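This briefing is meant to be read beside the sequence and the coordinates.

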Amino acid sequence: MNPFGKNLNIKKRNPEYTEKEIFLEIVLMVDECWKRTRHMEEEIEMGMSSYEEPFYLVIENLIFLHYGEWKGHIILWWLFERFDDEGELLPITLNDDDDKTSEDILVKDPEELWALLKKIELK
């Protein structure tokens, strides 16, 4: 018996997935959900924000729990703020307080997001 209802099909997760593969899958799924939410609100004019907001808050909190504060902010920036109002990709500005430098980086896809997080992690 499925405790989530008869119309929900839950697939078992492959236990051999790497952290990177799981990360990429999650980011792609959340990105797709966010696109659907925006489409419903902007194109169809059906306000879904109040209904979906708790789900997004759960996702955000789980991201912060697993990846920590600074990685969490970068991940959420990529998911929700990487495009301007015209749909142009925006760079993320990274500040290195030790060197007193900053760098603008374009992050086009989840693979590049993963690579950026790993690059920063090594510093």
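The model is a predicted one, and the values below are computed from it. Of the 123 residues in the protein, 24% are buried. Where contacts join residues at least 6 apart in sequence, 45% of them join residues at least 24 apart.

**Packing of H1 against H3**

- Helix H1, which covers residues 19-42, packs on helix H3, which covers residues 110-122, at an angle of about 130°, and the two axes are 10 Å apart. Because angles over 145 degrees are needed for roughly antiparallel, H1 is classed as oblique to H3.
- The crossing in which H1 passes H3 is right-handed.
- On the H1 side the contact is made by Glu 19, Lys 20, Phe 23, Leu 24, Val 27 and Leu 28, and these meet Pro 110, Glu 111, Leu 113, Trp 114, Leu 117 and Lys 118 on the H3 side. Sorted by class, this contact of H1 with H3 has 8 nonpolar residues, 4 charged residues and no polar ones.

**Packing of H2 against H3**

- The axes of H2 and H3 come within 11 Å and cross at roughly 155°, and H2 and H3 are therefore roughly antiparallel to each other, since that class takes angles over 145 degrees.
- Here too the handedness is defined, with H2 passing H3 in a right-handed crossing.
- H2 contributes Tyr 67, Trp 70, Lys 71, Ile 74, Ile 75 and Trp 78 to the contact, while H3 contributes Pro 110, Leu 113, Trp 114, Leu 116, Leu 117, Ile 120 and Glu 121. By class, the contact of H2 with H3 has 11 nonpolar and 2 charged residues, with no polar residue.

- A search of the whole structure finds 5 aromatic pairs. One of them joins Phe 23 and Tyr 67, whose ring centres are 5.6 Å apart and whose planes stand at 75°, so the pair is edge-to-face.
- Phe 23 lies in helix H1 and Tyr 67 in helix H2 (residues 49-80), so this pair ties together parts of the chain that are 44 residues apart in sequence. Both Phe 23 and Tyr 67 are buried.
- Phe 23 also pairs with Trp 114, in a tilted arrangement with 5.1 Å from centre to centre and 50° between the planes. This second pair links distant parts of the chain, since Phe 23 is in helix H1 and Trp 114 is in helix H3, 91 residues apart.
- Trp 114 is buried, as is Phe 23, and Phe 23, Tyr 67 and Trp 114 form one aromatic cluster.

- Asp 31 has its place in helix H1, and its relative accessibility of 6% is why Asp 31 counts as buried. When neighbours within four places in sequence are left aside, Asp 31 is in contact with Trp 78, Leu 79 and Arg 82.
- Leu 116 lies in helix H3 and is buried, with a relative accessible area of 6%. Leaving aside neighbours within four places in sequence, Leu 116 is in contact with Ile 74, Ile 92, Leu 94, Ile 105 and Val 107.
- Leu 116 and Ile 74 are separated by 42 residues in sequence, and their C-alpha atoms are 9.3 Å apart in space. Both of these residues are also listed in the contact of H2 with H3, Ile 74 on the H2 side and Leu 116 on the H3 side.

**An exposed residue in a strand**

- Asp 104 lies in strand E2, which covers residues 101-105, and is exposed, with a relative accessible area of 53%.
- Not counting residues up to four places away in sequence, Asp 104 touches Pro 91, Ile 92 and Thr 93. The C-alpha atoms of Asp 104 and Ile 92 are separated by 5.5 Å, although the two residues are 12 residues apart along the chain.

Key:
Residues are numbered from 1 along each chain as its sequence is written. This is a predicted model: local features need pLDDT of at least 70, side-chain atom pairs count only at pLDDT 80 or more; totals for chains, interfaces and linings use all residues. Side-chain values use heavy atoms; hydrogens and water are left out. Axes are lines fitted to C-alpha atoms, for helices over the stretch in contact, and angles run from 0 to 180 degrees between N-to-C directions. Helices (H or I, at least four residues) and strands (E, at least two) are DSSP runs, numbered from the N terminus. Angles under 35 degrees count as roughly parallel, over 145 as roughly antiparallel, 65 to 115 as roughly perpendicular and the rest as oblique. A crossing is left-handed if the near helix is turned anticlockwise from the far one by less than a right angle, and right-handed if clockwise. Contact means heavy atoms within 4.5 Å. Ala, Val, Leu, Ile, Met, Phe, Trp, Tyr, Cys and Pro count as nonpolar, Asp, Glu, Lys and Arg as charged, and the others, Gly among them, as polar. Rings of Phe, Tyr and Trp (its six-membered ring) pair if their centres lie within 6.5 Å; planes under 30 degrees apart count as stacked, over 60 as edge-to-face and the rest as tilted. Buried means under 20% relative accessible area, exposed over 50%, partly exposed in between (1.4 Å probe, protein chains only).
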